[in-house]
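Here are a few friendly notes to read alongside the structure.

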Amino acid sequence: MPLQVSDYSWQQTKVAVFISVPLRGVCVRDADVFCTENYLKVNCPPFLFEVFLYAPIDDESSKAKIGNDAIVFTLYKKEAAMWETLSMSGVDKETMQRIREKSILQAQERAKEATEAKAAARREDQKYALNVMMKIEEEERKKIEDMKENERIKATKELEAWKEHQRKAEEQKRIQREEKLHQQEKQIEEERKKLKHKSLTRNSAPRNLATKGRSSENIFFDKLKEDSIPAPRSVGSIKVNFTPRVFPTALRESQVAEEEEWLRKQAEARRAMNTDIPELSDLKEEEKNPEWLKDKGNKLFATENYLAAINAYNLAIRLNNKIPVLYLNRAACHLKLKNLHKAIEDSSKAYRIMKLHLRLIHPTKLYKMMLRRFGI
Amino acid sequence: MSAFEKPQIIAHIQKGLNYTVFDCKWVPCSAKFVTMGNFARGTGVIQLYEIQHGDLKLLREIEKAKPIKCGTFGATSLQQRYLATGDFAGNLHIWNLEAPEIPVYSVKGHKEIINAIDGVGGLGIGEGAPEIVTGSRDGTVKVWDPRQKDDPVANMEPVQGENRRDCWTVAFGNAYNQEERVVCAGYDNGDIKLFDLRNMSLRWETNIKNGVCSLEFDRKDISMNKLVATSLEGKFHVFDMRTQHPTKGFASVSEKAHKSTVWQVRHLPQNRELFLTAGGAGGLHLWKYEYPIQRSKKDSEGVEMGVAGSVSLLQNVTLSTQPISSLDWSPDKRGLCICSSFDQMVRVLIVTKLHKI
């Protein structure tokens, strides 16, 4: 239970009230002063001092001086009148409670208003700062744009001036050319007149001579022009070899790894087809590769060793009978050996396989049966 | 170099077109340029524009039967200014833009689309006969003389029976006197082949491991100095062409940029150390080549071999989201260039401060 302080003293003037509350050992930190228009409270444990004021005061401008074992309040009255007593008379507990609560509410409201005002003020400041920043940046940008615009205008003016210059030069050249032409014509006229005079006796000649004279002049001019440009080059042809590339697309470094991978897989697929024929166990590893056999066959074909080439192709076909190139090459060998029937058979086989590959014909059941039965 | 001293690439004029544009070229000695491409209806188109007061004015539109892939003014005289074009059907035509109904020269040069064309000997640059070279998807590279009908004066074709690779780009070079001339061709399997037209032989070949999109010598009319080859996968190589080693060929330096196909390279006509590359992501990079201290040195056997220099990036800019398929510097005004891209736009660009480099 806090101790009520009752041995306070007070004085007043027309506009102010001075209250002196003695509190032993009081300091700023301990004393909690709560003041509203009608109510003043000091809570300094263990002491409590409260007073319900006679008349409202202006609590915003009132002051409290804390120290020296006492608090001195300087309260400015709202109305300049002398108070009869410091505290309101005839207050019972209920009124006291009510007044206390009202005061607290008042204080809270005021605090809220204060914070809101502060927040609003801060927002205003920020907006202002932002506006100023934007203006500065806008100015900078405009400066750069202006510079660019100036350059453009300068360039356009230069271009126009240069065009004018060009046009005038053209004009001048044209005038010069016309003058020269004029002079040339005059010259030709004079020559003709001279010729006419010379050949007055010879009637047949003058016209021919005149025209010849003029045409010879022209030929003379043309020849001059042509002499400075050499004759067209003598026709030649250069044969070109390209760096080999399997794919029809352009070469890209980033795709090289993928392409190599694809090619390797293709080669493996072709090799892995028929490798389980018993009598081939004594062949070397590479001789079981249809690709290698095909290359061998090609080389033998190139050296005109057709029978050996056919053997190579036979073995390759036994290993993998779905590669049309092998049949084609074997057909070529048969052709060279004049085995025309065999050539026809092999070519047809190759043709059918290629068509199958291109999905132009479908391996229907009937087709497969005929293939097995008749070996077409 | 601080940001303000670097050359800036500024888009001066941008124009959207209603057709796919494949190539654009300046008409020499004028403020006009031509764009070539194809309409959606499958016909080819050539349009002639002039730059007037900061905007483009369409002067002429010429429609032809087959879509047009590439063109050049390189082989005509300055008075005539005829445009040589290659189209999708393999025809080479030379047009007089004032009277475009009938071509001045026409030949069915190739069986498939002509991918690239180049001209030399005209415009008062270089010496020797004016010639046009075309490279096609059928793997052949043919050199034409407009005075000879129907037959090419040189034909670089694959050996009989050999698998053909598409030729993607061609370039003339080394045309410093009347006899010498060299054609360089790039293929889709990464091959670069240098053909000597005086000896009619293959002078050098190499493979840069990626399809070659564009080749250009730094100058056509001098003894071969540098060759830039751009390729897929964002790489380009600069070869020093002054010293050829018998086995190692030419020295080169390579650079990776753009993160996508480098579609074109073009050297600045006024300064042969600067070149612009156009990328598949719509970006343009401006590069400068610096020569090494010694351009050639002796290898272990005492044979001369070249030393490549270094390349530094001066500026880059992204103009569009689609690849920039063609570029051309104006030969008359330093820093002015046009580029066309697959978003159906043609842009006129100004590159500033090039005279200070």
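What share of the contacts in chain B with a separation of 6 or more comes from residues 24 or more positions apart?

1. The share is 49% for chain B. Please keep in mind throughout that this is a predicted model. In chain A, residues 24 or more positions apart supply 53% of the contacts with a separation of 6 or more.

2. On secondary structure, chain B has 30 strands and 0 helices. Chain A, in turn, has 8 helices and 9 strands.

3. Burial comes next. Chain B has 357 residues, and 62% of them are buried.

4. A helix pair in chain A is worth a look. Helix α4 of chain A spans residues 290–302 and helix α6 of chain A spans residues 324–336; their axes come within 11 Å and cross at roughly 20 degrees. Angles under 35 degrees count as roughly parallel, so α4(A) and α6(A) are roughly parallel to each other. The crossing of α4(A) past α6(A) is left-handed.

5. Which residues make the contact between these two helices? From α4(A) come Pro290(A), Lys294(A), Asn298(A) and Phe301(A). From α6(A) come Val325(A), Leu326(A), Asn329(A), Ala332(A), Cys333(A) and Lys336(A). Sorted by class, the contact of α4(A) with α6(A) comprises 6 nonpolar, 2 polar and 2 charged residues.

6. Arg81(B) sits in the loop that links β6 (68–72) and β7 (83–87) of chain B. With a relative accessible area of 21%, Arg81(B) is partly exposed.

7. The loop between β19 (226–231) and β20 (235–245) of chain B holds Glu233(B). Is Glu233(B) buried or exposed? Its relative accessibility is 18%, and buried means under 20%, so Glu233(B) counts as buried.

Terms used. Residues numbered from 1 in each chain as written. Chains lettered and ligands numbered in written order. Predicted model: local features only at pLDDT ≥ 70, side-chain atom pairs only at ≥ 80, totals over all residues. Heavy atoms only, no water. Axes fitted to C-alpha atoms, helices over the stretch in contact; angles between N-to-C directions. Helix = DSSP H or I, 4+ residues; strand = E, 2+ residues; numbered from the N terminus. Parallel < 35°, antiparallel > 145°, perpendicular 65-115°, else oblique. Left-handed = near helix turned anticlockwise from the far one by under 90°. Contact = heavy atoms within 4.5 Å. Nonpolar A, V, L, I, M, F, W, Y, C, P; charged D, E, K, R; others polar. Buried < 20%, exposed > 50% of the residue type's maximum accessible area, 1.4 Å probe, protein only.
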